[in-house]
Amino acid sequence: MAASSCFPLAARCSLLLTAALVLALSLGAHGHAGADAGAGLSSSFYDDSCPGAGDIVRRVIQKARIADARIPASLIRLHFHDCFVQGCDGSLLLDNDLPAIMTEKEVPANDRSARGFKVVDNIKRVLEKACPGIVSCADILALASEISVELAGGPRWSVLLGRRDGTTTNIESANNLPSPFDSLEMLQEKFKNLGLDDTDLVALQGAHTFGRAQCQFTQRNCSAGQDEETLVNLDTVTPDVFDNKYYGNLLRGRAPLPSDQVMLSDPVAAATTARIVRRFSESQKDFFKNFAASMIKMGNISPLTGRAGEIRNNCRRVNRKPY
């Protein structure tokens, strides 16, 4: 809810000054997603202050994925789980610093499953050498997501930048992240609360076309004798490639995560998400186009811009604390 208020101005203040004040307050507001939620963001934000930012992020990810093929999927998941909790402000990256900061990393949706934090640390370290105090951790997650998808064979899009980092976490909101066991109606409600519709839901769930999940979160659960953290390919056909095979798996009832399969099997799916699943299964081009659009839309959820927040020197700590 982007609510901005303006104290009464003295009569001598001009209409021009009044308009400027309202604009400044509006740009600094920290609201929910909406048509103007990303108004303070720009694809050219670092063109002058850190023109090599994207290339630095790309080099670090390319190196990391050689050692760990899961890294691209892990990085995009960090961006999702960050944006879904009080907006795209890098709050997920903060470590415990009690009593002021309680980390979101330990809520059920992230504990022992959210990963890639060291890669983010490496990206930040290189960026701080090249452009000290310029690139936010929240923007690192946005850039890393696009580059990760692109490197895995997925679509490219122009990443809007200019987010600043938050200085708080939100455990209550983090405890309400989308779950692998949510019903379709619950998923729709959680997405709608952030300004995301059914097309966004089906498109963004398509990120499960690459990466792994622990078997404890799958429909068939773990096989006899399997540790609950045993990894299962989310896409059994092309597990490390970003393509539309995921939707074909859904149509054949082979989606490992229950929260994916409900987009076809849930009673309300026929009138809402099922047709979108079929559309994306028939056209990778259509899926790619909508995925890119939905990523931009998700990245516009409640960004901190202007003088709000800060640019963290260390993604794990707010700047007022030693590290």
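Which helix holds His 79? Select helix α3, residues 71-83, and His 79 is there. (Helices are DSSP runs of H or I with at least four residues, numbered from the N terminus.)

Before moving on, note that this is a predicted model: local features need pLDDT of at least 70, side-chain atom pairs count only at pLDDT 80 or more, and totals for chains, interfaces and linings use all residues. Residues are numbered from 1 along each chain as its sequence is written, and side-chain values use heavy atoms, with hydrogens and water left out.

**Stop 1: His 79.** His 79 is buried, at a relative accessible area of 1%. (Buried means under 20%, exposed over 50%, partly exposed in between, with a 1.4 Å probe and protein chains only.) Show its contacts beyond four places in sequence: Cys 88, Leu 141, Ala 142, Ser 145, Met 295, Met 298 and Gly 299. (Contact means heavy atoms within 4.5 Å.)

**Stop 2: the core.** Select Leu 127 and Phe 291. These two touch the most other members of the largest nonpolar core, which has 75 residues. (Such a core is a set of buried Ala, Val, Leu, Ile, Met, Phe, Trp, Tyr and Cys residues joined through side-chain atoms within 4.5 Å.) Helix α5, residues 137-151, gives the most to this core: eight residues. Beyond four places in sequence, Leu 127 touches residues including Cys 50, Ala 53 and Ile 140.

**Stop 3: Pro 178.** Go to the loop between α6 (171-174) and α7 (184-192); Pro 178 lies there. An unreviewed UniProt entry lists Pro 178 under "binding site". (UniProt annotations may be inferred rather than shown by experiment.) Pro 178 is partly exposed, with a relative accessible area of 23%. Leaving aside residues up to four places away in sequence, Pro 178 touches Phe 84, Leu 187, Lys 190 and Phe 191.

Technical notes
Helices (H or I, at least four residues) and strands (E, at least two) are DSSP runs, numbered from the N terminus.
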